[in-house]
Amino acid sequence: MNMSRAKQLLAALVLTSATVAPSVLRAQQGAPVLDIADVRTREAVQREFARAASRGLPVRALIAKAQEGVTKQAAGERIRAAVSSLARRLEQARDLLSPSPSDAEMIAGADALAVGVPATMLRQIRAAYPAGASVAMPLDVLTELVARGVPASNALSQLTQLMRRGATPTQIAGLGASVQSDVSAGLTPDAALEVRARGVMSLLPSPAAISALAPRGTRP
Amino acid sequence: MTARRRFAAFGAAVALATLVASAARAQQATDVRVEMGYANITQSGFSQADAALISLLWRPAWERWGFVTSANFTYAQDSLAAAQGVAAVDIPWKLSDRLRTEAGIAGASFSLRSTGRGGNVSTFVRQHGLASNYGAWVGGASGATDRDGVSSRSYAVDIGLWQRWGPLYLSAIGTRHRSTDWPLLVASGVMRDPDENVFDLRDGQLTAQLRYGPHDIAFTYTSRTGVAETEAAFEAVYWSGTLQIADRVALVGSYGRQLADPLRGLPQAEVLTASVRVSLGPKPLPVLERSLIARASVEPLALGGGMLEVRVFAADALEIVIAGDFSEWKPIRMEREGTMWVSRTRLAPGKYRVAVQVNGGEWRAPRNLARVRDDFGGEAGLVVIP
């Protein structure tokens, strides 16, 4: 190794430390003092926060999960396992929603995985939305629909159609509540989603209209 | 009962169980319970009889009205058999949350050693007045029984009071019966003046029930006396207990004396039962807990986000708290408004998990929200704010 490469390596190390260390410190200093009786478990949870911060994961989601366990008087070991499991899902969601998912998108992705949405669907939903636009809301709605009993493939299909047709986040977010009211009236969740998605689609411009309105020379 | 009829009754029970289980899959929040077990029944003047019990309960998650229907089958080899079905609805008044009307209908088919073969239909209606931890009702009921070709009618009016202190529930009920069902009442040891055609009875009943954690113990004492030309003097004590051993499973047992019920055509008997209760709903619902009638709604705000309102109908609750992502899972006490408990929270657009806890019990999701597991053996509700 020549001197120049050694300097470059040293500079990279310093830069990495300077970037990572403050977030780790913030995670450790900002982490709440959790009411977990077992000291070792409490420290293990705190370490999980620090590890997540160093990997660029949203620590606030982990803190909330730990606090939820404390509020629900769960055993310390169960809280640690829940935090650790969420950290793994966050990391998986970050990779699936790459290249640069926001905290909200990672949390939405992790929650989707938790209710059984297949990992490949996170990639599909990312691909269906314009780069740079947040997929947090569509993922949240997908999670809600799957939790209500709509098969994940059907929910994804309806959502991606709505997204491609230009449905607004508000229109997409309202789907879950609409489906619930139909389920209460006796429809199956799947049928309710289809009816409601059609209702939203009837308000959107047709694909032909979108093509016609698209600026000439650009791909619609 | 012939072998063919037994086979038909068993087939009907299986078909009903399948139907109920299918309904449970279609309706996410539907509460379905199956109970199976053993009973030992001794009717006055007869030897003990062993019997098999099957009971089904179906309670759909309607948001405002309460509805429950159940079917019970009792079968013993030596002609002690009965099938009962009950459907009841509980309707809150729009004028006031403190008023509720309960009405129901029950049907039964039986083949009993003591009183013969036949059927019964009964109806009841009760008007409830509810306060925070106590309440009262007044009601009336009628029943028509046909037994070996002999028809009879029975009527009753009842008045009841109840009070709850934490996990302890107490009630006192006074009932006045009038019945022409002489085969049932004579077989149960009730006498009358030979010139009279009508039996008059007066019952006083006290019930104490303790619910604590997975345990539920109930004790009932009933005193019955004859009125006018009817001679009757009975006392009966009945114990029942439930132990929840898993999310979906509970053990149930009972022992004691049940007095004749002319409204429903049920004979007087010493009863011992032991059974297993299983919840078949798509999500494990606590077997013991009375269904939590919590409802969440979102009112969109002009500047974005929405107002999440959660209302819990739990007139007898001492304290209800709500927690969720929006409170960083710190519990917030809900406010009492009449017989309802209410929480209103202004939220930014996004997804939130929410749970409600009544009297320090389990954390439950509001009934109309999508429900998810919470990593701690419980559940939470999901709400998306546009």
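A: A search of the whole structure, over all chains, finds two aromatic pairs. The rings of B:Trp162 and B:Tyr169 have planes at 25° and centres 6.0 Å apart, so this pair is stacked. Both B:Trp162 and B:Tyr169 are buried. The other pair, formed by B:Phe219 and B:Trp239, is tilted, with 50° between the planes and 4.8 Å from centre to centre. This pair links distant parts of the chain, 20 residues apart: B:Phe219 lies in strand 12 (residues 215–226) of chain B, and B:Trp239 lies in strand 14 (residues 233–244) of chain B. The model is a predicted one.

B:Arg147 belongs to strand 7 (residues 134–147) of chain B. Its relative accessible area is 2%, and B:Arg147 is therefore buried. The side chain of B:Arg147 is joined to that of B:Asp181 by a polar contact of 2.6 Å.

The remaining part of the answer concerns the contact between the two chains. Chain B contributes 30 residues to this contact, and chain A contributes 32 residues. About 2400 Å² is buried between chain B and chain A, and carbon and sulfur atoms give 58% of that area. Within chain B, the residues that lose the most area to chain A are B:Trp329, B:Lys351 and B:Phe376, which together make up 28% of what that side buries.

Specific interactions across the contact can also be listed. Between chain B and chain A there are six salt bridges. A salt bridge joins B:Asp375 to A:Lys65, with the closest N and O atoms 3.0 Å apart. Seven residue pairs are in polar contact between chain B and chain A, counting pairs with both residues at pLDDT 80 or more.

As for the elements involved, strand 23 (350–358), strand 25 (370–373) and strand 26 (379–385) of chain B each supply at least two residues of the side of chain B that touches chain A. Strand 26 of chain B gives the most to that side, with five residues. Sorted by class, the side of chain B that touches chain A holds 15 nonpolar, five polar and 10 charged residues.

How values were computed
Residues numbered from 1 in each chain as written. Chains lettered and ligands numbered in written order. Predicted model: local features only at pLDDT ≥ 70, side-chain atom pairs only at ≥ 80, totals over all residues. Heavy atoms only, no water. Phe/Tyr/Trp six-rings, centres within 6.5 Å; stacked < 30°, edge-to-face > 60°. Buried < 20%, exposed > 50% of the residue type's maximum accessible area, 1.4 Å probe, protein only. Helix = DSSP H or I, 4+ residues; strand = E, 2+ residues; numbered from the N terminus. Polar contact = N/O pair within 3.5 Å; in protein donor to acceptor, adjacent residues only side chain to side chain. Contact = heavy atoms within 4.5 Å. Buried area = accessible area lost by both parts, 1.4 Å probe. Salt bridge = Lys/Arg side-chain N within 4 Å of Asp/Glu carboxyl O. Nonpolar A, V, L, I, M, F, W, Y, C, P; charged D, E, K, R; others polar.
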